[in-house]
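Please look through the sequence and the 3D structure shown here. A short report on selected features follows.

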Amino acid sequence: MQSMNAERTNEEDESSLASLSTYNLHFDVADGFICDYELNPEQYFDEIKIDSSSLTHLRVCPYTTETQFSSNMWMELGEHLRGNTHLKYLEIDLSQGNLVRSFETEEKFCSSLSCNRSLEALFLDEFIVGRTQLEVLKPFFAYNDRLVDINISRAYDLPQEVHIMTNALKLRKKESPIKALSISNCLVTDESFPAIIELAMACPQLQILNLSSNQIGIVGCNAIAAYLQTPRCKLKKLNISCNKVGDDGIRLIANSIQNNYILKNLYVEGNEKQTQDQEISLEPFVDVLCNRSSINATFDSNHTL
C-alpha cells in the first residue's frame, strides 16, 4: 500500500478539517448521541418528533430482519425529520439491512427530508440515489444553508444523475457551504467523471473530496489535474485510492500540483498498473516535493503536500 500524507502546521486549519467527517466510517461523537434503530425504532420517534435538543446525531442501520423497517416507519421517520431543527448528522446505512421499501415509500421519505434545514452532514450507504430521489431532494441541496458534508456510497445510479444535484446547488443565491464531498464505491467511470468534477466546482468551499473505490482512469485523472490547477480549487484532502489510476494518471496529477500549495493530503493507494499486477509508482511526486536539480528548484518545490 502506498499513500501520500502530510503533517499540518496550521492548528486552526487542522481543527476545521477534523470537524468534517467524510473519511470516518461512522460519526466520531460522544456516547449517547448516536441512536441506532436496531432494537426499538419507535422509542426514537418521540425524540425526533418533539425536536429534542439532546438528539443531534442519528444513525439508522436496521441490520436484521427482526428489526426490519416497515414502509410506515420510513414515512414516519421522514415526517419527523421534515421540521426538525436540532438534528445535525444523519446516517442511513442499508448495507446489511433487509428492508421492505416501495418506490412510493422512498419518494415520500425523500420528499419529507427535502424540507429539513437543520442537517449539517448526510451519510447514505446503499440508499437508492437516482433521478427520482435527486429531483425530490433538490430543495434540500439548494436551500439548506447548514449542509457542509455529503457522503454517499454504493449508490450505483448516482454518477449518471449527479448533474441534478449540481443544478440544485446552482439555484442558491449564495455559494454552496459544502466543504466535504464523498462519492465512493459508486461505479464512477471516466465517462461519468465530468459530471462529478462539475459538482465539485459547484462547491467553491470544498476542502475534502473522496472518490475512492470507483473506476476512475486516465480521463478522470486529466480532469482532476485540470481542477487542481484552477485558482478557485480549495481542496486540502483528495482521496482517489482504489481506482484504475495508472502511472500516466499519477504523472498528470503530480504535474498539476507543482504550484498548488493548498492541497495537504493525497491518497492514491490501491491503484494498480493497467498492464501489470502491481501498484503504481509514486516516483513522479519526488521532483514535485523536492526538486534537487538546483538550490532554487529545491526551494521552490511543493513542501505543502
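## Helices α6 and α7

In this predicted model, helix α6 meets helix α7 through a set of side-by-side residues listed here. From α6 come Pro159, Val162, Met165, Thr166 and Leu169. From α7 come Ala195, Ile196, Glu198 and Leu199. By type, the residues of this contact are seven nonpolar, one polar and one charged.

How are the two helices arranged? Two packed helices are described by the angle between their axes and the distance between those axes. Helix α6 covers residues 158-169, and helix α7 covers residues 193-201. Their axes come within 8 Å and cross at roughly 20 degrees. Angles under 35 degrees count as roughly parallel, so α6 is roughly parallel to α7. The crossing of α6 and α7 is left-handed.

## Helices α4 and α5

Another helix pair is α4, residues 103-113, and α5, residues 131-143. The axes of α4 and α5 lie 8 Å apart, at an angle of about 15 degrees. α4 and α5 are therefore roughly parallel to each other. Is their crossing left-handed or right-handed? α4 passes α5 in a right-handed crossing.

Which residues of α4 and α5 make the contact? On the α4 side they are Phe103, Glu106, Glu107, Cys110, Ser111 and Leu113. On the α5 side they are Thr132, Gln133, Val136, Leu137 and Phe140. The residues of this contact divide into six nonpolar, three polar and two charged.

## The loop between β5 and α7

Strand β5 spans residues 180-184. A loop lies between β5 and α7, and asparagine 185 is found there. Asparagine 185 is not a glycine, yet its phi is positive, at about 55 degrees.

Leucine 187 has a phi near 60 degrees, a positive value in a residue other than glycine. With a relative accessible area of 39%, leucine 187 is partly exposed.

Where is aspartate 125? The place of aspartate 125 is in strand β3, residues 121-125. Its relative accessibility is 12%. Buried means under 20%, so aspartate 125 counts as buried. The side chain of aspartate 125 makes a polar contact of 2.8 Å with the side chain of arginine 154. Leaving out residues up to four places away in sequence, aspartate 125 touches Ile92, Asp93, Leu94, Ser95, Ser153 and Arg154.

Alanine 180 is found in strand β5. Its relative accessible area is 0%, so alanine 180 is buried. How many residues separate alanine 180 and isoleucine 150 in sequence? They are 30 residues apart in sequence. In space, alanine 180 and isoleucine 150 are 6.3 Å apart, C-alpha to C-alpha.

## The whole chain

The secondary structure of the protein chain comes to 11 helices and eight strands. The chain has 305 residues, and buried residues make up 51% of them.

Contacts across the sequence complete the report. Take the contacts in the chain between residues at least 6 apart in sequence. Of these, 82% join residues at least 24 apart.

Conventions
Residues are numbered from 1 along each chain as its sequence is written. This is a predicted model: local features need pLDDT of at least 70, side-chain atom pairs count only at pLDDT 80 or more; totals for chains, interfaces and linings use all residues. Side-chain values use heavy atoms; hydrogens and water are left out. Axes are lines fitted to C-alpha atoms, for helices over the stretch in contact, and angles run from 0 to 180 degrees between N-to-C directions. Helices (H or I, at least four residues) and strands (E, at least two) are DSSP runs, numbered from the N terminus. Angles under 35 degrees count as roughly parallel, over 145 as roughly antiparallel, 65 to 115 as roughly perpendicular and the rest as oblique. A crossing is left-handed if the near helix is turned anticlockwise from the far one by less than a right angle, and right-handed if clockwise. Contact means heavy atoms within 4.5 Å. Ala, Val, Leu, Ile, Met, Phe, Trp, Tyr, Cys and Pro count as nonpolar, Asp, Glu, Lys and Arg as charged, and the others, Gly among them, as polar. Buried means under 20% relative accessible area, exposed over 50%, partly exposed in between (1.4 Å probe, protein chains only). A polar contact is a pair of N or O atoms within 3.5 Å; within protein, one must be able to donate a hydrogen and the other to accept it, and residues adjacent in sequence count only if both atoms are side-chain atoms.
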